[in-house]
Structure formats: structure tokens, C-alpha cells
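Here is a short briefing on aromatic pairs and nonpolar cores. Look at the model first, then read the points below.

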Amino acid sequence: MMNRNDLRRADINLLVVFESMMHERNVSRVGEKLFLGQPTISSALGRLRLMFDDPLFIRSGRVMEPTSRAEEIFSNLAPALDGIAAALSRCQAFDPATSEATFHVGLSDDVEYALLPSLLRHLRVEAPNLTLVVRRADHWQMPQLLTSGEITLGISHTLDLPANARRKALRPIRPMLLRADGQPGEMGLDDFCRRPHAVVSSMGNVSEEADHALSQIGRQRKVVLTVPQFSALPMLLADSDMIAIVPDYIARSMAMIEGVRAEPAPLELPHQELSMVWRGATHDDPAERWLRSRCSALLAEQQMPAVRQIPVQTRIPSYA
């Protein structure tokens, strides 16, 4: 058993390389992630093999497969590195006005389209020198991105998360009907079922909650288009009889485009929940805590106006 004095022989940089290799299984990708050249990574792997007296990674095609010894080391090492990172972060003050920090966040498409622009404007008032690196992340991708450390914060509808991840509910996701047909009045259920529907799904799914709700009352609809993101929806609906069910904050944003309007759906639809999730290792990091506080203040339910039949532009108070 290694004692504390033996830790002087250990290089924490090598351990970071080891952890990255366990996630990426590829020397080139580890180099890109850590901003190091491939020879540096190869040299670090050689030193790690001497340190642990084990091959650690065996090449299998384009992938470096970990040995059983590497798996054992990783199970003990990952929590230790999280603890070191958390301990070091508590010693560093964070001043948003002068900080040049870079934050890596994952946002679902709906959040990126409708909520990110206003959030970014307010963040830059308080922290004009910050850099925000955004990854597209739906509820299927979020757990892996958090586990690998590619993001430290995510905002989306979320399902299962890594064991050490934290979660905070921000607001309900209320479905609304989006249309651009120019016909007066709100749409009834019969017309809703007759009209062609467009669905936004990153996974290409045609069926969603609306279909389940309709089946419960013995009705169905016709989906004629499935697209992977929200940005093209107003143009696709324009001058057509197609309609779409979208989150309320998407509806408000798109209803500001001429010819597009939002209204309540003519049937009861289940609400999902928009959540903020983050790595347990960054829970006490001052910079990450600041970012989470701003996201919570600017995106939480209390900052959003109630859903109206005629959408209005949302206004969020300044937090400068």
C-alpha cells in the first residue's frame, strides 16, 4: 500500500491523461481534448505503464481497450480526481467582472433556440470576458457528456443521470400549438386531427406524447414531416396547413415571426420538466456555482410570463 510520502513520485498530469484515455480509448482524441500533441500522450502512457507495472491499454483496431488492471485503477481514481478538483476550486476566488473563464455546457435544441440568446445577453453584462462553449445535447446524450467531462452543466429535459450528477428543476415544459395558416380563431380537435403535423425530433421519432394523448380518446393525427431541430420550423409551416406542437418558450419565440402564431392545443397534453444538471465534482466550484445561479435566475419558471393566447415578447430583468 502506497503511503502519503510515496505520492511525491506521482504526477497528477499522468493521472489526468489516464482518465481521459479511459473515456476516449483513442490517443488522438485524448490529445485534442487535453490540447496536447500525440507524442506527448504516447510518452505519458509509457510512464503510466511503468508506474502501474501493467500495459493498461491494448490496441484493438482503432480503439485502445483497457486491461482489467486499468479498469480497477479507474474505479478508484475517478472519485479521487473529482475530490482533488473540488478541493482546488474552493481555494480560487471568482469575480465574473474580470474572469476569462470558459464554460462547457450542453443544451437541448429547444433551449439553444429559444432561451440561449437572452441568457447569453445577461451573462455578458456581468461577465463580458467569459467564453461559453455549447454542445448540442438531448436527454439521451446528456449522461455521457457529463460522465466524460465534455460538459460541466446541461439544460434540457433529462432522464437517467450519472450517480454523482446533481439536478435542479427549472420550469415545466408546456406544449403549445404552432401554426402559420392565417385562418381566424383557435383550432378545434377535429381540425387538429385532420391537419398534417410536423414533429421536431433529434432521434427521428414520428410518435410522441401527442399521439399517446390522442389514442387515449380514440383519435389520431397524421405526421407528414419529422425534422431534427426547431430553427427551420417557421419557414416549413409558412403558407401551408401544417401545424406543430412545441414547448411554450419555443412558441413565444417563433410567434414573434410575422405570420406565425401560437395557441393552446385543443386537448390536454402532459407537461415535461426543464432541468439543469451538473457534475458532482463541480458542485462547489465558485465559477460553476455562479453560472448555475444565473441560469436558475434567468430561466426558472418565475421569470417567465404566463402562457397567453396571443404570445408576447418575454422580458427578463437585468442582473448586472
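In this predicted model, a search of the whole structure finds five aromatic pairs. One of them joins F94 and F103. Another joins F94 and W290.

**Aromatic pairs around F94**
- The ring centres of F94 and F103 are 6.5 Å apart, and their planes meet at 75°. An angle over 60 degrees counts as edge-to-face, so this pair is edge-to-face.
- F94 and W290 form a tilted pair, with 5.5 Å from centre to centre and 45° between the planes.
- F94 lies in the loop between α4 (68-89) and β3 (102-107), while W290 sits in helix α12 (residues 286-299). The pair therefore ties together parts that are 196 residues apart in sequence.

- F103 has 2% relative accessibility, so it counts as buried.
- W290 has 10% relative accessibility. The cut-off for buried is under 20%, so W290 counts as buried too.

**An aromatic cluster**
- F18, F52 and F57 form one aromatic cluster.

**Nonpolar cores**
- The largest nonpolar core has 43 residues. Those that touch the most other members are I155, L178, L233, L237, V246, L274 and L291.
- Helix α12 gives the most to this core, with six residues.
- Beyond its neighbours within four places in sequence, V246 is in contact with R174, P175, M176, L178, F230, L233 and A251.
- A second, separate core has 22 residues, including F18, L48, M64 and L81.

Methods
Residues are numbered from 1 along each chain as its sequence is written. This is a predicted model: local features need pLDDT of at least 70, side-chain atom pairs count only at pLDDT 80 or more; totals for chains, interfaces and linings use all residues. Side-chain values use heavy atoms; hydrogens and water are left out. Rings of Phe, Tyr and Trp (its six-membered ring) pair if their centres lie within 6.5 Å; planes under 30 degrees apart count as stacked, over 60 as edge-to-face and the rest as tilted. Buried means under 20% relative accessible area, exposed over 50%, partly exposed in between (1.4 Å probe, protein chains only). Helices (H or I, at least four residues) and strands (E, at least two) are DSSP runs, numbered from the N terminus. A nonpolar core is a set of buried Ala, Val, Leu, Ile, Met, Phe, Trp, Tyr and Cys residues joined through side-chain atoms within 4.5 Å. Contact means heavy atoms within 4.5 Å.
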